[in-house]
Protein chains: 4
Amino acid sequence: MGILRLSHVDITVPDMELASAYYTDVMGLIEVERTDGSAYLKCWDEEDHHSLRLRYSPRVGMDGFTFKVEHADDLEDLEIAVERYGMPVRRVARREEVAQGEGVRFETPSGHVMTLVHEVDRVGGLLPKIDPPAYVDGLRGIAPPRMDHLLVTAEEVGDASRFYIDVLGFRLTEQLLDGNGHQIGTWMERSHSPHDLAVVSGPNGGLHHFAFWLDDWDHVRKAADVLAYNGVQIDVGPTRHGITRGNTIYFFDPLGTRNEVFTGGYRPDPDFPTITWTEDHIGKAIFYYEGDLNERFMKVHT
Amino acid sequence: MGILRLSHVDITVPDMELASAYYTDVMGLIEVERTDGSAYLKCWDEEDHHSLRLRYSPRVGMDGFTFKVEHADDLEDLEIAVERYGMPVRRVARREEVAQGEGVRFETPSGHVMTLVHEVDRVGGLLPKIDPPAYVDGLRGIAPPRMDHLLVTAEEVGDASRFYIDVLGFRLTEQLLDGNGHQIGTWMERSHSPHDLAVVSGPNGGLHHFAFWLDDWDHVRKAADVLAYNGVQIDVGPTRHGITRGNTIYFFDPLGTRNEVFTGGYRPDPDFPTITWTEDHIGKAIFYYEGDLNERFMKVHT
Amino acid sequence: MGILRLSHVDITVPDMELASAYYTDVMGLIEVERTDGSAYLKCWDEEDHHSLRLRYSPRVGMDGFTFKVEHADDLEDLEIAVERYGMPVRRVARREEVAQGEGVRFETPSGHVMTLVHEVDRVGGLLPKIDPPAYVDGLRGIAPPRMDHLLVTAEEVGDASRFYIDVLGFRLTEQLLDGNGHQIGTWMERSHSPHDLAVVSGPNGGLHHFAFWLDDWDHVRKAADVLAYNGVQIDVGPTRHGITRGNTIYFFDPLGTRNEVFTGGYRPDPDFPTITWTEDHIGKAIFYYEGDLNERFMKVHT
Amino acid sequence: MGILRLSHVDITVPDMELASAYYTDVMGLIEVERTDGSAYLKCWDEEDHHSLRLRYSPRVGMDGFTFKVEHADDLEDLEIAVERYGMPVRRVARREEVAQGEGVRFETPSGHVMTLVHEVDRVGGLLPKIDPPAYVDGLRGIAPPRMDHLLVTAEEVGDASRFYIDVLGFRLTEQLLDGNGHQIGTWMERSHSPHDLAVVSGPNGGLHHFAFWLDDWDHVRKAADVLAYNGVQIDVGPTRHGITRGNTIYFFDPLGTRNEVFTGGYRPDPDFPTITWTEDHIGKAIFYYEGDLNERFMKVHT
């Protein structure tokens with residue numbers, strides 16, 4: 001009944017070899033497929049074909065993001081809902097995108113290219129489905145088990161979020177309000193996690209970061225160890241968010257796209273009451289330990 | 001659209017003061033309400049009125065378990081589905097149960113009294129909904145943030161599970177098959193966790209255990225420390241399950257009902273492919289570190 | 001045979017009630033004794049009378065630090081060695097200091113008042129010495145098990161360190177050299193830990209911080225939670241040192257003295273080979289994750 | 001001034017390839033040298049040549065254990081002390097043992113062959129001594145940073161321990177007394193850790209286990225994962241000791257010698273007051289979570 005989860009984020013990279021080396025050796029993803037201009041990567045515990053697409057482009061940016069729906073019918077239902085809202089929808093043909101069935105694509109009010117898809121090739125995770133071990137041997141780098149969420153920027157956070165919520169069925173877990181009560185940040189979910197998609201104030205079409213899930217605080221430390229060992233610039237962390245209560249590190253891939261590793265937080269069902277933050281608590285809302293934001297965190301996006 | 005999660009487990013205790021002392025002081029739950037014969041308890045991060053009811057009775061046992069549905073309409077839809085399956089359904093009147101709206105109640109094929117409810121009084125968790133801290137001070141005992149799942153016994157695991165799956169919409173995440181390919185254990189979910197409800201071979205109507213969620217492996221250690229400090233008999237653990245991959249401790253409340261603390265595991269969406277275990281791997285399936293089961297684990301239930 | 005470990009750090013605080021409230025409620029120390037002008041505090045797992053003395057003074061600063069020696073004879077031996085080195089030594093009479101036997105006191109080349117003592121009143125830790133539990137219930141705040149080390153500043157780090165090493169028998173575990181090969185930081189131990197005493201460039205007589213031991217990375221997170229919850233300003237961390245490899249948080253008590261919580265690191269015996277850092281690696285040496293120092297870390301001391 | 005720490009344990013293995021495969025691939029040690037009949041292994045953070053010697057023999061057992069002394073003079077001092085106690089001492093010639101200088105060897109009252117040595121070849125740990133990273137990449141298996149302690153059996157624990165304490169200078173951190181007040185277990189240290197050497201009741205000359213140090217509870221979990229993944233039989237754990245308060249797993253190498261991984265515990269200086277356990281607390285003393293011992297733990301040694 002609707003959207004299941006983030007399927008993949010598609011970013012552009014000016015140096016494919018550097019990007020691929022980072023995402024496989026340092027981040028520990030698996031490169032599943034390489035075409036002329038793109039690399040498709042997945043985390044070790046993900047079943048679907050990929051959760052990250054890297055496309056060569058002279059400019060760092062985001063091509064768009066794709067969410068997976070539960071039923072084939074959901075595509076049509078959501079297509080109608082989006083069109084009714086007034087956004088043109090384009091059907092993406094089966095196999096037009098690597099390893100994907102038919103999709104629907106549209107621009108969101110926040111200026112992002114969003115695709116919904118139902119069929120994705122199953123390549124399977126690293127563990128078998130019959131009598132699996134509980135432990136995976138030989139992982140390298142950070143090796144998150146799966147992609148978790150992304151945060152995009154929008155000029156009008158409230159308008160952008162209403163679309164995701166009213167039209168696409170996202171549920172609002174947390175919101176940050178300015179002094180006038182207008183939303184300047186929203187956190188929304190479809191998968192019973194604190195957020196699958198979040199929006200903060202910024203230019204339309206921007207990507208603030210995408211995030212990989214880690215299993216616990218010790219994995220966060222190991223991630224920091226791996227990042228430092230490999231000379232990756234840490235933006236903030238290890239620290240904790242007030243929003244989501246999760247533990248986190250922000251850092252940049254070698255081309256400049258911000259990554260996050262994230263763990264913890266509560267587990268919200270659809271009846272979860274929205275948590276509201278006031279702007280004077282923005283410091284603790286974003287970085288609970290530091291109590292304030294660095295300039296870079298607020299200004300840099302791709 | 002259907003069942004959200006386990007709402008509460010209702011057990012009977014021959015010594016209310018002892019049971020209440022254990023569940024508040026050692027387990028760290030909050031006693032929300034006490035009536036003539038019953039105590040209602042919740043975990044610190046739960047919003048609803050209670051997740052555990054203790055009712056005085058000279059005999060240790062389970063009165064039943066209640067799941068919460070997402071929409072008011074779900075009650076009627078599921079009532080029809082259960083009746084169509086051939087099980088009589090009784091409407092539970094609003095406020096017939098403490099802090100609850102109307103419900104539907106029926107006996108499952110595994111001989112358990114199951115109730116579905118939509119409205120539950122909100123008493124709120126320990127953290128406010130406006131500018132909350134990310135940390136709760138002053139918790140005592142184990143203090144799990146929430147109830148997680150329960151495991152019941154059934155003479156015919158396959159029949160019992162088909163009801164939960166086909167009629168109530170549970171999704172099968174894992175199954176354990178005997179040498180003839182018959183299910184002798186099933187793990188099912190509604191909340192995008194590895195299991196909300198599980199069934200293993202045993203007498204109809206039995207409760208093997210119910211489980212509280214912990215946030216990580218360090219919380220598992222602290223739980224073991226608290227249990228040992230308070231002289232609570234540990235059944236198995238700290239250890240890990242092959243099934244769910246979660247980390248765990250089993251132990252008994254002072255009246256003899258088995259409790260579990262549980263953390264970890266994957267996070268399954270509805271498109272999660274079922275994992276199958278063969279009986280010759282039952283040891284690692286249940287206790288990955290030990291590789292086999294103790295007699296008590298297989299024989300003792302309430 | 002010589003110095004055992006850091007016994008206590010004596011600091012001055014312009015507001016005794018505020019300081020005492022912080023060190024007991026937030027840091028979780030135990031106030032063992034209060035005299036007219038001073039409060040004596042210890043960690044829960046320490047046997048000796050105190051590891052921190054707070055003395056009222058309008059000015060924040062350090063009165064000095066005291067190390068404990070193993071044998072009564074060590075006092076005289078070290079007294080002779082210090083005098084031979086040319087520093088005047090004063091005998092501190094039995095009970096001149098609260099809860100202490102006779103001591104020897106002198107000014108070190110780095111301008112710090114250092115005392116050596118053998119007898120200290122035993123008040124015992126929180127756990128009994130007969131059939132103790134392995135777990136302590138009811139601790140509040142950060143509750144470190146013990147004091148770990150202190151870092152002081154000196155105009156001439158090399159001269160200061162030679163005294164500690166050649167005269168007092170400290171062993172050099174790590175050193176930071178400037179471009180000319182001169183020591184600008186030294187880390188020294190007596191207790192088979194990475195450091196009991198460290199010296200970095202700065203004014204003579206200064207205190208950079210003293211540090212409490214935590215048992216693991218999870219305790220570091222809890223410390224950050226407690227600090228943030230109580231509004232304590234975190235200076236840096238949670239992070240990791242290159243030097244010692246330990247995990248750490250730096251922060252300030254409410255009067256402005258820097259505290260650290262520290263865990264991990266290797267365990268050096270006297271045959272441990274010294275690790276050397278070159279100044280161009282100073283960033284990773286001090287903060288392995290960040291790779292550089294903040295201004296405050298280098299400039300602020302008391 | 002005397003003994004520094006456990007240098008190496010020398011065991012016999014009936015299948016060298018199997019033993020070497022286990023200690024390198026599963027335990028994650030480094031095989032430093034292989035001679036005709038022996039393999040020499042070390043942990044990644046150890047500087048000295050080896051901490052474990054495997055010697056081919058048709059029978060599983062222990063050849064002896066070696067402790068390292070701080071100064072060359074200590075060898076002679078301790079030789080005199082041992083001889084004065086009445087035990088014959090043999091000088092082991094320089095290079096008679098692989099990678100070692102001259103040693104003194106004797107049989108202890110508990111019937112163990114003990115060697116003291118001062119010079120051991122330095123092969124260095126995996127991290128450099130100039131500007132090292134804080135993190136080691138590419139470790140496999142459990143990969144403990146270092147050997148920690150060993151536990152031997154003796155018919156007369158009290159007599160055996162008096163020798164280690166009175167003659168060799170070990171300090172008694174904990175003791176277990178039977179109902180008549182006689183020692184049936186002793187834990188002794190030289191390196192400011194809870195134990196470098198322990199003795200429990202059993203046949204003279206027996207080895208109960210030797211133990212590797214792990215850095216924290218999360219490393220204990222990973223060790224259990226690696227053991228289970230590789231089909232290694234776990235004896236007990238993950239659990240906690242009452243004695244030492246450390247967290248632990250016991251298990252057997254494929255030839256039948258018991259191994260332990262151990263972390264935590266307090267850090268005792270020489271002024272640490274001995275902790276005493278009475279026999280009626282033996283269960284919690286050894287396994288704090290379980291509260292009792294399994295038969296195998298008490299009966300099996302090599």
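Start with one term: buried area is the accessible area (1.4 Å probe) that two parts lose on being put together, summed over both. Two notes before you click. This is a predicted model, in which local features need pLDDT of at least 70 and side-chain atom pairs count only at pLDDT 80 or more, while totals for chains, interfaces and linings use all residues. Residues are numbered from 1 along each chain as its sequence is written, chains are lettered from A and ligands numbered from 1 in the order in which they are written, and side-chain values use heavy atoms, with hydrogens and water left out.

**Stop 1: chains B and C**

Select chain B and chain C. About 940 Å² is buried between chain B and chain C, and carbon and sulfur atoms give 63% of that area. Now pick out Tyr135(B), Asp218(B) and Tyr229(B). These three supply 56% of the area that chain B buries against chain C, more than any other three residues. How many residues of chain B are in contact with chain C? Ten residues of chain B meet ten residues of chain C; contact means heavy atoms within 4.5 Å.

Next, look for charges. A salt bridge is a side-chain nitrogen of Lys or Arg within 4 Å of a carboxyl oxygen of Asp or Glu. The rule finds two salt bridges across the interface of chain B and chain C. Zoom in on Arg221(B) and Asp216(C): their side chains meet in a salt bridge, 2.5 Å from N to O. On the side of chain B that touches chain C, four residues are nonpolar, none are polar and six are charged. In this grouping, Ala, Val, Leu, Ile, Met, Phe, Trp, Tyr, Cys and Pro count as nonpolar, Asp, Glu, Lys and Arg as charged, and the others, Gly among them, as polar.

**Stop 2: the sheet in chain C**

Switch to cartoon view. Helices (H or I, at least four residues) and strands (E, at least two) are DSSP runs, numbered from the N terminus. Two strands pair if DSSP finds at least two bridges between them.

Chain C holds an open sheet of eight strands, in the order β2-β3-β4-β1-β5-β8-β7-β6, with mixed pairing. Which strands are at the edges? They are β2 (30–34) and β6 (89–92) of chain C, each pairing on one side only. The twist averages 25° from one strand to the next. Axes here are lines fitted to C-alpha atoms, for helices over the stretch in contact, and angles run from 0 to 180 degrees between N-to-C directions.

Select β6(C) and β7 (residues 103–107) of chain C. The two pair in the antiparallel sense over four bridges. Val89(C) stands opposite Phe106(C) in β7(C).

**Stop 3**

Go to chain B. Nine strands form an open sheet, in the order β14-β15-β16-β13-β9-β12-β11-β10-β17, and the pairing is mixed. Its edge strands are β14 (234–240) and β17 (275–278) of chain B. Here the twist averages 20° from one strand to the next. Select β10 (residues 171–177) of chain B with β17(B): four bridges join these parallel strands. Leu177(B) stands opposite Thr278(B) in β17(B).

**Stop 4: chains A and B**

Show chain A beside chain B. The buried area is about 3700 Å², of which carbon and sulfur atoms give 51%. One to find is Arg122(A) with Asp271(B), at 3.1 Å from N to O.

**Stop 5: chain D**

Last, select Asp225(B) and Arg240(D). They form a salt bridge, the closest N and O atoms being 2.8 Å apart. This pair crosses from helix α4 of chain B to strand β14 (residues 234–240) of chain D. Finish on β1 (residues 3–13) and β4 (residues 52–56) of chain D, which run parallel and are joined by five bridges. Tyr56(D) in β4(D) is the bridge partner of Val13(D).
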